[in-house]
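Please open the model in your viewer and keep the selection tool at hand.

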Amino acid sequence: NSVDLVVKPAVKDLNPDFELLLESSKTELYVGEPFTLTLFLKQKANAQAVDSKFIKPDFKGFWIKSEEEAVRADDGEFIITKLVYTLAPQRAGDLSVKPAELKIAARVGINNWGTLIPQVKWKAYFSNEINVKAIPLPNNSKIIGDYVINAVAEKTEVNPNEAVKLTLKIVGDGNLEDIESFKPYVANVNVFDEEIVVKGDTLTQKLVFVGEQDFTIPAFSLEYFNPKTK
């Protein structure tokens, strides 16, 4: 015979031993615009666990720019662990960060014909889901943020065919990872570019120029969309 099954939405425990919560700094932003997602894990101080398994939120559709070290605080009644992610939307449209999951194993007593037999039972706890609306950048822009660009040459007077090393830095908040190499063309000069390095809010690229005669390194420019000033 056939069997009909009805799956009902999970009912949240009003007084759980463990609780997960996601908070977003923004819910509507531009493609590539960074925002912070904070995960809170709230645990009762007297809650017991034999084992635990943490499953991160699903960040499909987002760039993970950074993940801070977890910070733990104890107020006597609860132990609260805070974890902050910096994300950026990869594409335009309605995106969502799927819930984080925490599996907790606790010891329970199973009544077997009047005898309590200790066993381990797993229980899953889920966070909320975060919905984000990502807006396309205007005027076919690819870079978003607010930046300062600076280039410094190690020397301005060299012998023929002596290398001139230059360090280019861009500092600001945005999608630095999408910025491409700044290697310029300089007539009668060999130009070598190293791979771009991004750490936090700073992009660094080293370039080397080798020429037999006097030459000028052209100014570097960066075009980007500033979401604050538009």
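A residue is called buried when its relative accessible area is under 20%, exposed when this area is over 50%, and partly exposed in between. At 23% relative accessibility, Lys65 therefore counts as partly exposed. Please bear in mind throughout that this is a predicted model.

**First stop: the salt bridge of Lys65**

Select Lys65 together with Glu177. These two residues form a salt bridge, and their closest N and O atoms are 2.7 Å apart. Lys65 belongs to strand β5 (residues 62-67), whereas Glu177 sits in the loop between β13 (164-174) and β14 (189-193), so the pair ties together parts that are 112 residues apart in sequence. Glu177 is partly exposed, with a relative accessible area of 44%. As a general principle, side chains of opposite charge can pair when their charged atoms come close.

How many salt bridges does the structure hold? The structure holds six. Select Glu33 and Lys26 to see one of them, in which the closest N and O atoms are 2.6 Å apart. Is Glu33 buried or exposed? Glu33 has a relative accessible area of 9%, so this residue is buried. Lys26, at 32% relative accessibility, is partly exposed.

Next, select Glu129 and Lys98, whose side chains meet in a salt bridge with an N to O distance of 3.7 Å. Glu129 lies in the loop between β10 (115-126) and β11, and Lys98 in the loop between β8 and β9, so this pair ties together parts that are 31 residues apart in sequence. Glu129 is partly exposed, with a relative accessible area of 36%. Lys98 is partly exposed as well, with a value of 35%.

Now select Leu37, Leu39, Phe62, Tyr85, Leu87 and Val97. These residues have the most contacts inside the largest nonpolar core, which has 24 residues. Colour the elements that give two or more residues to this core: β1 (18-24), β3 (35-44), β7 (78-89), β8 (93-97), β9 (101-112) and β11 (130-135). Among these elements, β3 gives the most, with four residues.

Centre the view on Phe62. Leaving aside residues up to four places away in sequence, Phe62 touches Phe35, Leu87, Ala88, Pro89, Gln90, Leu95, Ser96, Val97 and Val132.

Finally, select Val164, Val186, Leu203 and Leu207, which are among the members of a second, separate core of 17 residues.

Notes
Residues are numbered from 1 along each chain as its sequence is written. This is a predicted model: local features need pLDDT of at least 70, side-chain atom pairs count only at pLDDT 80 or more; totals for chains, interfaces and linings use all residues. Side-chain values use heavy atoms; hydrogens and water are left out. A nonpolar core is a set of buried Ala, Val, Leu, Ile, Met, Phe, Trp, Tyr and Cys residues joined through side-chain atoms within 4.5 Å. Buried means under 20% relative accessible area, exposed over 50%, partly exposed in between (1.4 Å probe, protein chains only). Contact means heavy atoms within 4.5 Å. A salt bridge is a side-chain nitrogen of Lys or Arg within 4 Å of a carboxyl oxygen of Asp or Glu.
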